[in-house]
Amino acid sequence: MQQAVEHYQNIFGLGPWTVYDSTPDKYWFKGKPSHMRLRQGKAMLGGIELELVQPLEGESPFHEFLATQGEGLHHLAFNTEDFDGMVRQFEAAGFQPLLLAEAYVPTYQGIVRACHFDTRAVGGVIFEVLWKSWLQKG
């Protein structure tokens, strides 16, 4: 993580970076309860949040991607105010959750809910639907 953060800081001037370890409070991988621990690094580029993910423990799409593809772009994430509605929309289109997680994030003092959908067969991309309590209005 530190090497990647320094690379993006030194080469592109990105930062400041917030780096923290996370373990979801609730986590399912491919529909089964599971465990993972990650190190995440986040920085803003204008209105776009860049996230670096280092898998540390357990099983996850990040572990699989690193083992089969190496380092690189894993997914595109989109924040939504209607998390459950967006998950239902992907499921109605025939996509099953690859990862489903919920966690309290002390760094942001709030709850995040995340769901990954493997849509690579259609567009070559894994999409992540996110709901972050600290971004909600009101």
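A: What follows is a short chat about the aromatic pairs and the sheet in this predicted model.

Q: OK, how many aromatic pairs does the structure hold?
A: The structure holds eight aromatic pairs. One of them joins Phe 90 and Phe 127, whose rings are tilted, at 6.3 Å centre to centre with 45° between the planes.

Q: And which parts does that pair tie together?
A: Phe 90 belongs to helix H3 (residues 83–92) and Phe 127 to strand E9 (residues 126–132), so the pair links parts that are 37 residues apart in sequence.

Q: Is Phe 90 buried or exposed?
A: Phe 90 counts as buried because its relative accessibility is 16%, under the 20% cut-off. Phe 127, with a relative accessible area of 24%, is partly exposed.

Q: Which residues form the aromatic cluster?
A: One aromatic cluster is formed by Phe 78, Phe 90, Phe 95, Phe 117 and Phe 127.

Q: Switching to the sheet, what order do the strands have?
A: It is an open sheet of six strands with mixed pairing, in the order E3-E2-E7-E8-E9-E6. Strands E3 (32–33) and E6 (75–79) are at the edges and have a single partner strand each, so one side of each lacks a neighbour in the sheet.

Q: Where does H3 pack, then?
A: Helix H3 packs on the sheet, where it touches E7, strand E8 (110–118) and E9, and its direction makes about 10° with that of E8.

Q: In what sense do E2 and E7 pair?
A: Strand E2 (residues 26–29) pairs with strand E7 (residues 97–105) in the antiparallel sense, over four bridges, and Phe 29 has Leu 99 as its bridge partner in E7.

How values were computed
Residues numbered from 1 in each chain as written. Predicted model: local features only at pLDDT ≥ 70, side-chain atom pairs only at ≥ 80, totals over all residues. Heavy atoms only, no water. Phe/Tyr/Trp six-rings, centres within 6.5 Å; stacked < 30°, edge-to-face > 60°. Helix = DSSP H or I, 4+ residues; strand = E, 2+ residues; numbered from the N terminus. Buried < 20%, exposed > 50% of the residue type's maximum accessible area, 1.4 Å probe, protein only. Pairing = 2+ DSSP bridges. Contact = heavy atoms within 4.5 Å. Axes fitted to C-alpha atoms, helices over the stretch in contact; angles between N-to-C directions.
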